Amino acid sequence: MPDILSLSKDEVISALSAMGEPAYRAKQVFDWLYVKKVSSCEGMSSLSKALRDKLAVQYPFPVLTEKIAQESKDGTRKFLFALDDGERIETVFIPTEKRATLCISSQAGCKFGCTFCASGLGGWKRNLTPGEILGQVLHVMRAVRPTPVTHIVFMGVGEPFDNYDNVLKAVRLLNDKDGLNIAARRITISTCGIIPGIERMASEGLQVELSVSLHAASEAMRARLMPVNKKYPLKDLLRACRKYAETTNRQVTFEYILIKGLTCTPQAIDELSTLMRGWLSKVNLIPCNPVKEFAYYPPDTCAVEEFQKALERNGVICTLRSARGQDISAACGQLRHERHA
Ligand code: SF4
């Protein structure tokens, strides 16, 4: 039996109809789940006790037990959840003046082993259900009230396109006007470069933002940093991304990690400029964040600024991501699935 948050609107209608309930009951249930944001069937007080009990048995809420909640000095909040089988995931809430972004996980662990990212250190355990993905969002929305969550980014633990169907179902529920009603343009899916996922997403007719972890501008450097480059080489990835931009008419964002002595070099500026110039693309620079297992260090501030300016002089649209939540290991590349409470 799926958990209740994994059900689409049509599936809720079918489930209730099988219990002898009228179609309008589905709207009430959706309202309890996504507008009032109850955390149990027991809380759906306008439904009969018998129906609440039946729902709780047949379609339980996904288990996301909050084991740790930490707050950074910059206001970033990180949540560690235990799932029903004991697996753990992390979720990060990042409020700024203009927006409040929630970074969510799509898998317990990750099989892609990028050499600068703590999420892959313990290997891959399993995919999250759509309900476990949405459960993170609802839990944090309740925890940060009255601050609204305005943007969702699939940049936590896991590779979203390695769990495509469940991620897509979660995206549709996030976007559904009777669901969480978050505009597609405020939802970002970030991939390490899974080409079939990019191609599939281009045909979904969704306005979601696509973000690609590029992190190197040559085949050799990308292969060194990201094992996925062996299966999906840089040149094929770029071709798929250009096609995505042409098909959807949407800009593709490329995440680019700045590692002292490796990716922040004059040669990298030339290579990156050549790859990005002249099409609907943008580069988001991320000075690398410390992870104790890796001997990578960020360049100094002057080198970062010079790198950004040089790209801009070359006609590349470019932003610099500020490190948020570093003091609680909540920044990019620092999330894990096996931290213990
Ligand atoms: S960057 Fe993404 S794909 Fe790579 S190891 Fe981390 S979570 Fe996995």
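Helices (H or I, at least four residues) and strands (E, at least two) are DSSP runs, counted off from the N terminus. With that settled, Pro146 turns up in the loop between helix H4 (130-144) and strand S7 (151-154). The peptide bond joining Arg145 and Pro146 is cis, with omega at about 5 degrees. This is a predicted model, and local features need pLDDT of at least 70, side-chain atom pairs count only at pLDDT 80 or more, while totals for chains, interfaces and linings use all residues. Residue numbers start from 1 along each chain, following its sequence as written.

Now for the sheet. Strands of a sheet pair through backbone hydrogen bonds, either parallel or antiparallel. Here, two strands pair if DSSP finds at least two bridges between them. On that basis there is an open sheet of ten strands, in the order S1-S2-S3-S4-S7-S8-S9-S10-S11-S12, and the pairing is mixed. Strand S1 (65-71) and strand S12 (318-320) are the edge strands, each pairing on one side only. From one strand to the next, the twist averages 20 degrees; axes are lines fitted to C-alpha atoms, for helices over the stretch in contact, and angles run from 0 to 180 degrees between N-to-C directions. S1 and strand S2 (residues 77-82) run antiparallel and are joined by six bridges. Ala69, for instance, has Phe79 in S2 as its bridge partner.

Helix H9 (residues 234-248) lies across strand S9 (209-213), strand S10 (252-258) and strand S11 (281-287), and runs at about 145 degrees to S10. Contact between two residues takes C-beta atoms, placed from the backbone, that lie within 7 Å.

Next comes the ligand. Around the ligand sit Cys110, Phe112, Gly113, Cys114, Cys117, Ser119, Gly120, Val157, Gly158, Glu159, Cys192 and Ser213 (a residue is near a molecule or strand if its C-beta atom, placed from the backbone, lies within 6 Å of it). Sorted by class, this shell has six nonpolar, five polar and one charged residues. Ala, Val, Leu, Ile, Met, Phe, Trp, Tyr, Cys and Pro count as nonpolar, Asp, Glu, Lys and Arg as charged, and the others, Gly among them, as polar.

Lys37 isn't a glycine, yet has a positive phi of about 60 degrees. Lys37 belongs to the loop between helix H2 (24-35) and helix H3 (49-58). Ser329, in the segment after S12, has a positive phi too, near 55 degrees. Buried or exposed: what is Ser329? A residue is buried if 20 or more other C-beta atoms, placed from the backbone, lie within 10 Å of its own, exposed if 12 or fewer, and partly exposed in between. Ser329 counts as buried because it has 21 C-beta neighbours inside 10 Å, whereas Lys37 has 16 other C-beta atoms within 10 Å and so is partly exposed.
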